[in-house]
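I opened the notebook for a pass over this chain.

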Amino acid sequence: SKIYLSIYGNNDILILDSRSAISSTVSMSAGVTSLALDAARSRVYAPLANGSLAILDGKNNQVLEAVAFNGTAHLLAADRNGSVFLPAIRGAPLST
């Protein structure tokens with residue numbers, strides 16, 4: 001299993017793999033504000049300070065895409081069905 005860590009505002013996500021005891025770093029285009037894991041789909045969601053949402057493939061730690069939205073998310077949640085919620089973007093809920 002993997003553990004994903006970020007420091008608020010830092011551009012890097014640290015990935016610790018407990019099986020191989022190897023760590024790696026994925027650099028983002030802007031500071032990471034939070035993280036959410038969708039274990040069923042092996043996806044990691046990282047809202048960034050530049051107003052985009054980075055989506056990582058949890059299997060190979062590659063950025064799949066970055067989705068732009070209007071605002072910065074400081075809170076992020078993923079439910080068991082794979083939906084990701086950005087609950088407060090300038091006062092309006094947004095679901096991806």
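**Entry 1: contacts and ground rules.** I began with the contacts in the protein chain whose separation is 6 or more; residues 24 or more positions apart account for 24% of them. Contact here means heavy atoms within 4.5 Å. I noted that this is a predicted model, where local features need pLDDT of at least 70, side-chain atom pairs count only at pLDDT 80 or more, and totals for chains, interfaces and linings use all residues. Residues are numbered from 1 along each chain as its sequence is written, and side-chain values use heavy atoms, with hydrogens and water left out.

**Entry 2: secondary structure.** I looked up the elements next. The protein chain has zero helices and ten strands. I took both as DSSP runs numbered from the N terminus: helices are H or I with at least four residues, strands are E with at least two.

**Entry 3: surface.** I read an accessible surface of about 5,600 Å² for the protein chain, with 53% of it on carbon and sulfur atoms. The areas come from the Shrake-Rupley method with a 1.4 Å probe; for residues, only the protein chains shown count as cover. Of the 96 residues, 36% count as buried. Buried means under 20% relative accessible area, exposed over 50%, and partly exposed in between (1.4 Å probe, protein chains only).

**Entry 4: salt bridges.** How many salt bridges does a search of the whole structure find? I found two. The criterion is a side-chain nitrogen of Lys or Arg within 4 Å of a carboxyl oxygen of Asp or Glu. Side chains of opposite charge can pair when their charged atoms come close.

I checked D38 and R41 first. Their closest N and O atoms are 3.9 Å apart. D38 is buried at 2% relative accessible area, while R41 is partly exposed at 47%.

Then I turned to D57 and R43, whose side chains meet at 3.9 Å, N to O. D57 sits in strand β6 (residues 52-57) and R43 in strand β5 (residues 43-47), so this pair ties together parts 14 residues apart in sequence. D57 counts as buried at 13% relative accessibility. R43 is partly exposed at 25%.

**Entry 5: confidence.** The protein chain has a mean of 80, and 76% of its residues reach 70 or more. Over residues 90-96 the pLDDT is below 50. Beyond near neighbours in sequence, that stretch has 13 contacts in the model.

Key. pLDDT = per-residue confidence, 0-100.
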